[in-house]
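I opened the notebook to record what I looked up, entry by entry. The structure comes next.

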Amino acid sequence: MSVRGGKFAGFPHHVIVFLAPATIIYTMFMVYPLLDSIRLSLYSTDGTGAFHFTGLTNYITLITDPEWSNAFWNALKNNFKFFCVHMLVQNPIGIMLAALLSLPKLKGRTAYRTLIFMPTMLSVVIIGFIWQLILSPLWGVSESLLGFIGLTDWFQPWLGQEGTALLTLALISVWQFVGIPMMLIYAALLNIPEDLTESAIIDGATHWEIFWHIKLPLILPTIAMVSILTFVANFNAFDLIYSVKGALAGPDFSTDIMGTLFYRTFFGFQLQLGNPTMGATVATMMFGVILVGVLFYLFVLQRKLRRYAL
Amino acid sequence: MPKTRQAISSMAIHAILVSYMLIALWPIFLTIINSFKSRKAIFGDPMGLPGVDTFSLKGFEKVLLRSDFEIYFMNSIIVTIATLALVLILGAMAAWALSEYRFKGNKLLGLYLAIGIMIPIRLGSVSLLQLIVNMNLANTLTALVLVYIAQSLPLAIFILSEFMQQIPKDLKEAARCDGVNEYTIFFKVILPLTRPAIATVGVFTLVPVWNDLWFPLILAPSEKTQTITLGVQQFIGQYVTDWNAVLASLTLAIVPILIIYILLSRHLIRGITAGAVK
């Protein structure tokens, strides 16, 4: 290795050349904006657009001033519901599909996984519009489909009702992204050495028993990873709600999540003007929620599961 | 008899997989077939395939006439390809440096670059917009490319580093014995060897960039710089009651991705499953 003397003694120039472009772009367009947003959340703007340092005032306003706090707590609560639906529906279905796909001697495995994964590749915006059409009472596709199984009366404009809109949107998102847990868990299941399951088969265990007692404990670390990926994606979601319900996340903010609240706060909507510093405050809160989730995963889940797997 | 039991359980498994597959594909299929039908047939017989008397391309005509779809499409292609190329080359350079050379702060820098895997860049949007405006890059594709590179690099570096650690030592040592300098080793020996990892990095870069709505909306919403995702979103918002046009614009946005997916699915899926191992 060539070592150049001088200022960078022991630090060859080619190492710098290799690392500099990536590090500079990443620092400038990712790390700096994130940190600077946190700084901006400690400022307020006045009528002239000038920034004044106001400490934690924005946070206190966001959490306690009814004008802001109602929207904030509502979005946070909705976001947790959104996440819970993913954990309770998306991940179990993903695990089930992965378990079926990884069964030995299954015919058509490649076709199944390719086709089931397809919606995941499409843009959330497209998916949102497609389901908006399908669930529209104007078109009546869902109604006639329910008619096939004798449930015509059961149909309601789910996306338009306050009580069902959020759940419906969450299920649309589940429908789209079920491919991700499926693939990750499928990969983990394939990595389980065969001799572990072979002896169980010889002992007469069914595939069901093998899955519950041998495979599932071994893929718990992957399930934990899928969960944290879901958590981060859900608390950062925006596109689906925005394209189906707009920035107002109606009806009556019943589908408002942190991402849409952030957008509205930052850019404004209708009569309310955009407020960059308050937007930065909402973003920092989202950052905090995501950070807590990631740290919980790294320091609690991952360690516990690793000990268990050993 | 165990044989019949096995046949029944195998049938049940296929029944579950086929029904889930239908659930996954039916909405996409329905959108595409209806985009080729007349308005009357869309409402009269939504589930029917387009036939001789129901076939119509009116929706597509309207979309191409009323919007700059070709421009949106080109914008998306330019942004995605530029991002992908730069992420691959810059990511490979950094991954190589991190996995090959021992220097002070190596671990720390690796960790620093990895933080971005978990923290979404979107949360820095307020400051990012200011930065882009100050750099005079608002409403340019360059702004999008720079942000997408920053967003994609952490995972790319992570995947490529894992890959580079598997490159046999002999190859590098042989080159070094011949007195070849480090740049030549990287560009002539190492870079060609990383080709198999490109598919993996490609999936994780290409799909989120192509599908993104947030940054085009915030950094480059002008008519000239809209990407396909934003273009479709705006178009549908405007013509929401024109079902022909809406269905046609959705189909125009879906079909290219479906074709690419079907062509590359083998690589894409291998990439995902390989990248997921650790």
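Which residues touch the most other members of the largest nonpolar core? I found A:I126, A:I185, A:M286, B:A94, B:L144 and B:V147, out of 159 residues in that core. I noted that a nonpolar core is a set of buried Ala, Val, Leu, Ile, Met, Phe, Trp, Tyr and Cys residues joined through C-beta atoms within 7 Å. A residue counts as buried if 20 or more other C-beta atoms lie within 10 Å of its own, as exposed if 12 or fewer do, and as partly exposed in between, with C-beta atoms placed from the backbone.

Before going on I wrote down the ground rules. This is a predicted model, where local features need pLDDT of at least 70 and side-chain atom pairs count only at pLDDT 80 or more, while totals for chains, interfaces and linings use all residues. Residues are numbered from 1 along each chain as its sequence is written, and chains are lettered from A and ligands numbered from 1 in the order in which they are written.

Helices here are DSSP runs (H or I, at least four residues; strands are E, at least two), numbered from the N terminus. I also saw that domain 1 (2-56) and domain 2 (62-275) of chain B each give this core at least three residues. The domain bounds come from an automatic or database assignment.

I listed the contacts of A:I185, leaving out residues up to four places away in sequence: A:G94, A:I95, A:A98, A:I219, A:T222, A:I223 and A:V226. Contact means C-beta atoms, placed from the backbone, within 7 Å.

Entry on the two chains. I counted 59 residues of chain A and 63 residues of chain B in their contact. On the side of chain A that touches chain B, α1(A) gives the largest share, 16 residues. By class I have 47 nonpolar, nine polar and three charged residues on that side. Ala, Val, Leu, Ile, Met, Phe, Trp, Tyr, Cys and Pro count as nonpolar, Asp, Glu, Lys and Arg as charged, and the others, Gly among them, as polar.

Entry on the domains of chain B. The C-alpha centres of domain 1 and domain 2 of chain B are 33 Å apart. Their contact takes seven residues from each of the two domains.

Last entry. Why is helix α12 of chain B, residues 228-238, largely enclosed by the rest of the structure? Eight of its 11 residues are buried, so it is largely enclosed. Among them I noted B:L230, B:F235 and B:I236.
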